[in-house]
Amino acid sequence: QVQLVESGGGLVHPGGSQRLSCAASRNIFGITVFSIKDLGWYRQAPGNQRELVAAISPDGSTNYTDYVQGRFTISRDNAKTMVYLQMNNLKPEDTAVYYCNTVPYNYRYWGQGPQVTVSS
């Protein structure tokens with residue numbers, strides 16, 4: 001009923017930029033979740049816990065982890081029911097699989113997630 005599909009990712013050099021996109025399913029369920037729930041970008045590196053790195057509320061307020069603050073920007077397009085993560089000045093430590101989900105997350109909403117690899 002609700003599906004969040006991420007796109008983007010790839011290999012980026014340190015200091016480079018990458019933009020991720022998350023599209024909510026365009027039905028009443030996806031639209032409702034998009035409208036009433038905080039949405040966020042999570043990431044998980046091999047052997048590590050999945051962590052929330054950026055979140056955005058329906059009213060547009062945002063929160064970031066200290067590590068990505070100033071480098072990442074989360075945004076939303078209500079008309080397209082999409083959420084984006086603009087990542088600038090990427091570091092090798094940002095290498096991970098990135099996921100879009102609600103905040104708090106709903107296990108049913110996890111997608112496959114794009115891989116972001118930051119390497120020289």
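The following questions and answers concern the fold of a predicted model and its strand β4.

Visitor: How many helices and strands does the protein have?

Guide: In this predicted model, local features need pLDDT of at least 70, side-chain atom pairs count only at pLDDT 80 or more, and totals for chains, interfaces and linings use all residues. Residues are numbered from 1 along each chain as its sequence is written, and side-chain values use heavy atoms, with hydrogens and water left out. Helices (H or I, at least four residues) and strands (E, at least two) are DSSP runs, numbered from the N terminus. From that end the elements run β-β-β-α-β-β-β-β-β-β-β, and the totals are 1 helix and 10 strands.

Visitor: Why is strand β4 described as largely enclosed by the rest of the structure?

Guide: A residue is buried if its relative accessible area is under 20% (1.4 Å probe, protein chains only). Strand β4 covers residues 38–44 and is largely enclosed because, of its 7 residues, the number buried is 5.

Visitor: Which residue in β9 stands opposite Tyr-42?

Guide: Two strands pair if DSSP finds at least two bridges between them. β4 and β9 (residues 96–103) are antiparallel and share 7 bridges. Within β9, the residue opposite Tyr-42 is Tyr-99.

Visitor: What is the bridge partner of Trp-41 in β5?

Guide: Strand β5 (residues 51–56) runs antiparallel to β4, with 5 bridges joining them. The hairpin of β4 and β5 has 6 residues between the strands, and Gly-47 takes a positive phi near 80° there. In β5, Trp-41 has as its bridge partner Ala-54.

Terms used:
Buried < 20%, exposed > 50% of the residue type's maximum accessible area, 1.4 Å probe, protein only.
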